[in-house]
Amino acid sequence: CSSVIATKTALSLADWVVTEAGFGFDLGAEKFFDIKCASAGLDTAAVVLVATVRALKRHGYVAKSRIAEPDPAAVERGLANLAKHLESIRDFGEVPVIALNRFVTDTDEEIAVVRRAAAAWGAPFAVCDAFARGGDGATALAGEVLAHAERKSQPFRPLYQREDPPKEKMVKIPRH
């Protein structure tokens, strides 16, 4: 994450600031919410949960050497990992936009698996194809994030209070 000073400086110059909170919700976003936002009085306008078909296949037990081969069933099996990250975000009172970073080897059928899951979970979804198509490949995602950010939302809910003892904090985090 960027520092609190960097974020507040950027907020003095713009309405929104984009923060990349780290790989995996548990490694970055939890700390972003419970430490950075809570200590600095910040809140989110939108949360984006980034996934790839490739990662979902790996979570669906596909060998790295076979990752480029079409396998919608493996994507389906890998959705449990994405669902857990979504659940973790929802513990903070947020509904994320699910962004699928597209690779050239992703098939429409594999992408449809993720799109259907996002719909079933009630989460906005967009494919981001910026690597292959530049800015044009990111407009769908930008539109979803903008629409999501402009809605009225409840402030995020920290998992614990800052004044909670460390042991209590360590118990609350994994229980969510």
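Which side chain meets that of E87 in a salt bridge, and how many Å lie between N and O?

Analyst: The partner of E87 is K84, and the N to O distance is 3.2 Å. A salt bridge here means a side-chain nitrogen of Lys or Arg within 4 Å of a carboxyl oxygen of Asp or Glu. Some ground rules come before the details. This is a predicted model, in which local features need pLDDT of at least 70 and side-chain atom pairs count only at pLDDT 80 or more, while totals for chains, interfaces and linings use all residues. Residues are numbered from 1 along each chain as its sequence is written, and side-chain values use heavy atoms, with hydrogens and water left out.

Back to the pair. E87 and K84 both sit in helix α4, residues 72-90. They are three residues apart, so about one helical turn separates them. Helices (H or I, at least four residues) and strands (E, at least two) are DSSP runs, numbered from the N terminus. E87 is partly exposed, with a relative accessible area of 42%. K84 is partly exposed too, at 38%. On this scale, buried means under 20% relative accessible area, exposed means over 50%, and partly exposed lies in between (1.4 Å probe, protein chains only).

Why can such side chains pair at all? Side chains of opposite charge can pair when their charged atoms come close. The salt-bridge rule gives a count of six. R102 and D108 make one of them, with their closest N and O atoms 3.2 Å apart. R102 is partly exposed at 26%, whereas D108 is exposed at 58%. D164 and K172 make another, at 2.8 Å between the closest N and O atoms. D164, E168 and K172 belong to one network, joined by salt bridges that share partners.

Helix α4 lies across β1 and β2 and runs at about 170 degrees to β1. Contact means heavy atoms within 4.5 Å. Axes are lines fitted to C-alpha atoms, for helices over the stretch in contact, and angles run from 0 to 180 degrees between N-to-C directions.

The sheet is open and has three strands, in the order β1-β2-β3, with parallel pairing. β1 (48-51) and β3 (125-128) are the edge strands. Each has a single partner strand, so one side of each has no neighbour in the sheet. From one strand to the next, the twist averages 25 degrees. Two strands pair if DSSP finds at least two bridges between them. Strands of a sheet pair through backbone hydrogen bonds, either parallel or antiparallel.

β1 and β2 are joined in the parallel sense by four bridges. L49 has I98 in β2 as its bridge partner. Strand β2 (residues 97-101) is also joined to β3 by four bridges, again in parallel. There, L100 is partnered with V127, and A99 with A126. From β2 the chain passes through α5 to β3, a right-handed β-α-β crossover. Right-handed means that, with the strands pointing away from the viewer, the path from the first strand over the helix to the second runs clockwise. Helix α5 (residues 108-121) lies across β2 and β3, at about 150 degrees to β3.

What is covered? In β2, four of the five residues are buried. In β3, F125 and V127 point one way, A126 and C128 point the other way, and all are buried.

That leads to the nonpolar core. Such a core is a set of buried Ala, Val, Leu, Ile, Met, Phe, Trp, Tyr and Cys residues joined through side-chain atoms within 4.5 Å. The largest one has 32 residues, and F33, L82, L100, V114 and F125 touch the most other members. Elements that supply at least two residues each include α4, β2, α5 and β3. Helix α2 gives the most, with six residues. Leaving out residues up to four places away in sequence, L100 touches residues including A51, I111, V114, F125 and V127. Another core lies apart, with five residues, among them V97, A99, A126 and L141.
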